[in-house]
Amino acid sequence: MSTPATPTNPARTKGGELRAKVARLLADRPADTLTIGDMARQLGHSHGAVRNAALTLVRRGEADQGRSGQPEFRANAKTAAAAKTAVISPPGTHAPRAQAAAARTTITAAAPTRQTGPIRRAGGQLYHPRELADLPDVEALERLRDADVPVLLYGPPGTGKTSLVEAAFPDLVTVAGDGDTTVGDLIGEYTQADDGAYVFRYGPLVTAMTEGRALLIDDATLISPMVLAALYPAMDGRRQIQVKAHKGETIKAAKGFYLVAGHNPGVHGAVLTEALSSRFSVQIQIGTDYDLATALKIDDRVVRVARNLARQVDLGELGWAPQLRELLSYQRTEAVLGTKAALANLVGIAPAEDRDAVADAIIKTVGVTKVAPLALGKQLPASAARRPPGSAVSARRGRSR
């Protein structure tokens with residue numbers, strides 16, 4: 001491969017290189033379980049990039065992910081090998097789409113025609129299907145993929161857009177969009193290898209096209225319209241793109257390639273242009289299923305608070321309401337710190353302008369006299385600080401003898 005005279009952003013780490021870095025970090029600490037934040041701080045990369053790299057390792061079987069709380073990762077028997085080389089699949093090298101399709105066929109053959117029970121996603125979390133056009137939502141998305149009908153999912157953050165796509169498409173490639181996403185982040189660009197040479201690394205769009213996989217552009221409307229235009233030739237009848245940065249190479253989409261996008265209308269900076277909207281034949285609104293929240297045994301009073309706030313949002317009286325993600329977070333916080341702290345945290349995670357309304361709704365529905373954002377209080381006496389677990393119980397028992 002010839003070395004270009006002017007490489008693009010040579011210092012940036014891309015795709016497989018970051019994946020190798022994440023694998024190396026996990027392999028060096030085999031006894032530890034690391035969060036996205038832990039790894040992002042140590043590697044000096046964004047949370048979104050590290051998350052994508054870590055989830056790719058999990059999908060490839062080269063790392064393990066915890067199944068509760070915030071996403072946590074640890075090394076397995078294959079992680080050390082994944083850390084040795086930065087592997088980016090060049091066009092046409094292999095087709096995991098076929099394997100994923102076979103896996104879906106096996107599952108379908110062993111289960112009822114309609115998948116209504118929980119589906120385990122690649123990271124281990126369960127997804128509970130919902131109704132869409134008289135079908136389970138995962139089945140509806142699979143049918144749309146088979147017909148090559150692009151889908152845009154829109155709704156507030158935390159309502160399950162990404163979870164639905166992950167449940168429907170086990171072979172998914174994900175791009176976390178933001179205002180800094182470039183064409184190179186989608187298609188690929190030259191990066192500097194350890195030996196100093198510049199090598200072209202294909203991006204997730206090329207990987208999904210050549211391997212016939214589903215591609216989710218999450219938070220697509222945060223990406224510059226000029227960058228998103230790079231996707232359009234892959235979505236229309238041409239189903240191909242030209243990689244101008246790499247000798248003008250033409251990449252054609254393999255059978256199975258499918259594009260889904262996520263849009264959060266209420267997020268600052270999110271703009272759904274006519275050019276983008278017109279390319280998604282089906283647009284599906286995603287909201288929180290509060291009945292599911294109740295079925296997951298989240299405090300009924302807090303679910304009622306969320307329902308009431310959601311109605312105010314629909315009427316334009318409020319800008320925020322807890323979605324399923326926040327309700328699950330409430331449930332976990334309550335289990336660890338208690339109801340008082342969990343309610344305070346629910347107020348604290350609301351946007352500043354909506355906190356008073358959220359606090360009032362909690363006071364009226366839950367019956368507490370006061371609730372404020374979770375915050376540190378006064379300093380504890382030295383005797384109470386860092387008291388070993390169970391010491392207070394032991395002391396009381398000692399006095400009772």
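In which strand does Gln240 lie? In this predicted model, Gln240 belongs to strand 13, which spans residues 240-243. Its relative accessibility is 27%, so Gln240 counts as partly exposed.

Gln240 and Lys252 are twelve residues apart along the chain, and their C-alpha atoms are separated by 4.3 Å. When neighbours within four places in sequence are left aside, the contacts of Gln240 are Met209, Pro233, Ala234, Thr250, Ile251 and Lys252.

**Salt bridges**

The structure contains nine salt bridges. One of them joins Arg239 to Asp148, with an N to O distance of 3.1 Å. This pair links distant parts of the chain, 91 residues apart: Arg239 is in the loop between helix 11 and strand 13, and Asp148 is in the loop between helix 6 and strand 8. Asp148 has 36% relative accessibility and therefore counts as partly exposed.

Arg238 and Asp236 also form a salt bridge, at 2.5 Å from N to O. Arg238 is exposed, with a relative accessible area of 51%, whereas Asp236 is partly exposed at 27%. A further salt bridge pairs Asp32 with Arg29, whose closest N and O atoms are 2.8 Å apart. Asp32 is partly exposed at 30% relative accessibility, and Arg29 is partly exposed at 29%.

**Packing of helix 14 and helix 17**

The axes of helix 14 (residues 300-314) and helix 17 (residues 355-366) come within 9 Å and cross at roughly 135°. Helix 14 is therefore oblique to helix 17, and their crossing is right-handed.

Helix 14 contributes Arg301, Arg304, Val305, Asn308 and Leu309 to the contact, while helix 17 contributes Ala357, Val358, Ala361, Ile362, Thr365 and Val366. By class, these comprise seven nonpolar, two polar and two charged residues.

Definitions and conventions: Residues numbered from 1 in each chain as written. Predicted model: local features only at pLDDT ≥ 70, side-chain atom pairs only at ≥ 80, totals over all residues. Heavy atoms only, no water. Axes fitted to C-alpha atoms, helices over the stretch in contact; angles between N-to-C directions. Helix = DSSP H or I, 4+ residues; strand = E, 2+ residues; numbered from the N terminus. Parallel < 35°, antiparallel > 145°, perpendicular 65-115°, else oblique. Left-handed = near helix turned anticlockwise from the far one by under 90°. Contact = heavy atoms within 4.5 Å. Nonpolar A, V, L, I, M, F, W, Y, C, P; charged D, E, K, R; others polar. Buried < 20%, exposed > 50% of the residue type's maximum accessible area, 1.4 Å probe, protein only. Salt bridge = Lys/Arg side-chain N within 4 Å of Asp/Glu carboxyl O.
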